Structure formats: structure tokens, C-alpha cells
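Me: I'd like a close look at a single part of this one. Here it is:

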Amino acid sequence: MHIFVYIIFSMGTVFRIKNKYSVKIIPGDHRPPHVHIVGGGGEAKFTIENLKCYYVRGFSKRQVDLFREFLSDKLDLLMEAWNEINEE
């Protein structure tokens, strides 16, 4: 999967996947630390600690698996972003 990535902390978007999906951390959002993936008519939420997908709408199981794979080597960065965005 060809992926383009960039970081925009000020808008809550920490990554873009294929310029179609946004990986977001919402300022002031509830615990546990998690990310939202939105785009293409779908949304999924993954915990940062173990990448458990606890909400999904509009994405196939294959897409969820690909998102989990994309996030898997970025856990430290995601937790750092969560802490910065939520000032912890």
C-alpha cells in the first residue's frame, strides 16, 4: 500500500493515509488514548496502547486491518501526539 504521511498537530490530524483518510487525535477527547480514522464515508477508532478497534462504521475488515498495520509502528509517536494535543 502506497502511503503519504504528514503531521499537522494544530488541526488534530496527525497523519494522512493515501491522501484519503485522516488519522486524528481530538483535543480534549476522552480516555483511553485513541485515534480516529475518518474518510471515504467511514470512521474507525483505535486505542493507541494495543490498537484495539472499538468502533467502526463504513470500513471493511480488510481496511481496518490495513489501518492497524499502518499504525503499528507509530505507537510511540501517537502517544506523544496524544499527550501533546491533550496536554498530559
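Which side chain of opposite charge is nearest to Asp29, and how far away is that side chain?

Reply: A quick note before the details: this is a predicted model, where local features need pLDDT of at least 70, side-chain atom pairs count only at pLDDT 80 or more, and totals for chains, interfaces and linings use all residues. Residues are numbered from 1 along each chain as its sequence is written, and side-chain values use heavy atoms, with hydrogens and water left out.

Now, your residue. The nearest oppositely charged side chain is Lys45, 6.4 Å away; Lys and Arg count as positive, Asp and Glu as negative, and His and the chain ends are not counted. Asp29 has no salt bridge, meaning a side-chain nitrogen of Lys or Arg within 4 Å of a carboxyl oxygen of Asp or Glu. Yet Asp29 is buried (under 20% relative accessible area, 1.4 Å probe, protein chains only; exposed is over 50%, partly exposed in between).

Asp29 sits in the loop between β2 and β3 (strands are DSSP runs of E, at least two residues; helices are H or I, at least four; both numbered from the N terminus). Its side chain makes polar contacts with the side chains of His34 (2.9 Å) and His36 (2.9 Å). A polar contact is a pair of N or O atoms within 3.5 Å; within protein, one must be able to donate a hydrogen and the other to accept it, and residues adjacent in sequence count only if both atoms are side-chain atoms.

Beyond four places in sequence, Asp29 is in contact (heavy atoms within 4.5 Å) with His34, His36, Trp82 and Asn86. Trp82 is itself one of the buried residues of α2, and those buried residues pack against β1, β3 and α1.
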